[in-house]
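Please look through the structure shown below, and then follow the paragraphs that lead from the whole assembly to its parts.

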There are 2 protein chains.
Amino acid sequence: MTKKEQKNRLIPEEELYDLAELFKVFGDSTRIRILFALFLKELCVNDLAAELNMTQSAISHQLKILRNARLVGLRREGKQSVYFLKDDHVRTIIDQGREHIEE
Amino acid sequence: MTKKEQKNRLIPEEELYDLAELFKVFGDSTRIRILFALFLKELCVNDLAAELNMTQSAISHQLKILRNARLVGLRREGKQSVYFLKDDHVRTIIDQGREHIEE
DNA sequence: TGAACGTATGAACAAATAATCATACGATCA
DNA sequence: TGATCGTATGATTATTTGTTCATACGTTCA
């Protein structure tokens, strides 16, 4: 089955639940702000916390959720964890969201 | 400012909150299932409730949220309210979500 | 007009969730 | 090794949110 064929068939019920789980991750302003910050450059936890003016703990909790959704990845550098966006779907999804809003 | 230029500039903080609000709407399995049902054809409230095996009230509440987000529209037909998808960003956003999941 | 139908909506309740606080863990360095 | 730094994480709490229940609203039709 080609990608296009797969795209056009019915979506199984179970996949709809997974989709909702994925979009739930985008549905929080802290996480969106984290994603957008990582749009611009890789950042470690403390830098993210400073940039978003939030506690290290709050950021760390949200990064865990973003990691579980495979939206961000991390690289250890000494004591630091450097986070980065993991794929381009993030950008496309956010761009489409923006286009909807701007209509 | 062209669309492309607009896309590439920094996203203002306020728009990030609006984005989170939009994705929050996608982040519920009932609403995703409603959207997908409307993918296939227009439906009135009772038909949606039957198809998703949920109460009329629950569906109606969720439809209100989808309406507020301008993701669905409705047309009155006698006693019925016939709902439909309002724009193609819905399809693109969901498709991108699916591609992310299927990786 | 009144009954029946389809839909919308407010209140109440239960479940999910984000931030905080305290603390633990791992790496670096004196 | 002990201290410090950066990060992760469990528990708690306050808030948000989805469903249910009851009911109101608008339309159709006898």
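Contact means heavy atoms within 4.5 Å. With that in mind, 100% of the interface residues of chain B are also interface residues in chain A, so the copies meet through the same surface. This is a predicted model, in which local features need pLDDT of at least 70 and side-chain atom pairs count only at pLDDT 80 or more, while totals for chains, interfaces and linings use all residues. Residues are numbered from 1 along each chain as its sequence is written, chains are lettered from A and ligands numbered from 1 in the order in which they are written, and side-chain values use heavy atoms, with hydrogens and water left out.

Within chain A, an open sheet of three strands has the order E1-E3-E2 with antiparallel pairing, where strands (E, at least two residues) and helices (H or I, at least four) are DSSP runs numbered from the N terminus, and two strands pair if DSSP finds at least two bridges between them. Strand E1 (43-44) and strand E2 (72-77) of chain A stand at the edges, each with a single partner strand, so one side of each has no neighbour in the sheet. Two bridges join E1(A) to the antiparallel strand E3 (residues 80-85) of chain A, and A:Leu43 has A:Tyr83 in E3(A) as its bridge partner.
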